[in-house]
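Subject: Structure for you to look at

Hello,

Here is the structure I said I would pass on. Please open it first, then read the notes below it.

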Amino acid sequence: LPAAAGTGPAPRTAPCQGRSFGKVILLGEHAAVFGRHALAAPLSLQVVAQVAQNPAAGVDLAIPAWGVEGHLGFADQQNTLHHALGRVLAELGLAGEDLRIEVFSDLPRAMGLGSSAAVAVAVIRALSNYFSLALSDERVNALAYGAEVEVHGAASGMGNTLATYGTPMLFRAAAPRQAIVLPKPLQLVLGYSGVESLTAKMVAQVATLHRQHPALYDKIFDDIDSLTQQGATALARGDDALLGELMNINHGLLGALQVSSWEVEELVGLARRHGALGAKLTGGGGGGTVLALCGEDPQIALDIVAAMQQAGYRAVRTTLEGESAPRKASP
Ligand code: MEV
């Protein structure tokens with residue numbers, strides 16, 4: 001049971017931090033919510049949360065990069081982020097504490113890169129450090145999953161699992177995660193559509209379609225499941241050409257799930273025209289981010305970034321480092 005206000009664990013006097021990472025889904029989003037596999041990897045883009053004593057009463061939350069600053073209203077059912085963090089505090093018996101929570105995020109919000117899960121994991125780790133709770137990764141992951149369900153309505157658990165464990169993996173809800181070691185770094189480009197997209201809305205939309213035509217959509221999920229498992233083998237073997245082709249097919253099936261948008265299609269087209277081995281939307285879709293796999297020639301990634309920028313989009317190069325990626329995000 002949650003402790004009564006003021007009777008929780010003793011806080012430290014100095015502020016404490018917690019860290020986590022965003023994620024990129026190589027294959028399998030949406031199908032993952034229906035129990036199929038997904039292939040995902042941590043991004044080097046970090047989220048750092050800091051917890052300190054609040055001079056004022058209650059809990060204040062600030063995420064400067066996202067323009068978030070305000071008092072956390074536990075009863076505010078409309079603000080899902082507030083509600084999710086309120087739930088975490090209540091579950092840890094900390095609902096009566098006066099806290100200032102600041103979150104510094106390299107990740108853009110609502111771009112399909114796991115920002116909500118990364119915030120939850122970083123804040124939970126900062127709370128664990130501040131109150132000397134020594135939460136295990138399993139407990140951090142479970143608490144962050146609860147927060148993800150609050151934010152997205154339904155969630156596979158992939159976002160919180162990636163943010164917690166920070167390793168490339170073949171993920172399936174309720175199954176043991178299978179870590180994948182990359183034999184070589186992967187060059188990627190992230191093209192931001194500039195359209196913020198709520199995963200909650202896209203997940204609900206796909207659920208409605210599935211309810212209307214279960215056999216039709218289950219078949220698509222099964223096809224995504226099969227290509228995702230092939231993709232995990234391709235990733236582990238360093239077979240970029242096959243991985244890219246599977247990404248292209250996956251993008252077609254995401255189109256069939258009706259989660260693409262014209263900005264996403266333009267970015268995918270630009271990436272392929274400038275030499276990507278594969279390009280697809282990543283995350284919830286409906287806007288968000290396009291992921292391009294670029295092969296080993298660094299010029300390809302540069303060309304794709306330039307083409308996306310010329311078309312008016314923000315685009316960045318990033319590398320998936322495999323084993324040398326930060327395995328664990330806790331400080
Ligand atoms: C969102 O990043 C990925 C989805 O598959 C949702 C989930 O797995 O929880 C759309």
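A residue counts as buried when its relative accessible area is under 20%, as exposed when that area is over 50%, and as partly exposed in between, using a 1.4 Å probe and protein chains only. By that rule Cys16 is buried, at a relative accessible area of 8%. Cys294 is buried too, at 1%.

Some background. This is a predicted model, in which local features need pLDDT of at least 70 and side-chain atom pairs count only at pLDDT 80 or more, while totals for chains, interfaces and linings use all residues. Residues are numbered from 1 along each chain as its sequence is written, and side-chain values use heavy atoms, with hydrogens and water left out.

Disulfides

A disulfide is a covalent bond between the sulfur atoms of two cysteines. Here the test is a pair of cysteine sulfur atoms within 2.5 Å. Searching the whole structure for such pairs gives zero disulfides.

Strand E5

Helices (H or I, at least four residues) and strands (E, at least two) are DSSP runs, numbered from the N terminus. Strand E5 covers residues 99–105, and its side chains alternate.

Which strands does E5 pair with? Two strands pair if DSSP finds at least two bridges between them. Strand E2 (residues 38–53) runs antiparallel to E5 and is joined to it by seven bridges; Ala52 has Arg100 of E5 as its bridge partner. Strand E3 (residues 59–63) runs parallel to E5, with four bridges, and Ala62 is partnered with Glu102 of E5.

Two loop residues

His30 is not a glycine, yet it has a positive phi of about 70°. His30 sits in the loop between E1 and E2 and is buried, at 5% relative accessibility. Ala110, also not a glycine, has a positive phi of about 55°. Ala110 lies in the loop between E5 and H2 and is buried at 18%.

The largest pocket

A pocket is an open set of points on a 1 Å grid over the protein atoms alone, where a 1.4 Å probe fits, with protein on both sides within 12 Å along at least five of seven lines; lining residues have an atom within 4 Å of a point. The largest pocket is lined by 38 residues, and Ser115, Ser116, Val151, His152 and Thr199 lie nearest its centre.

Regards
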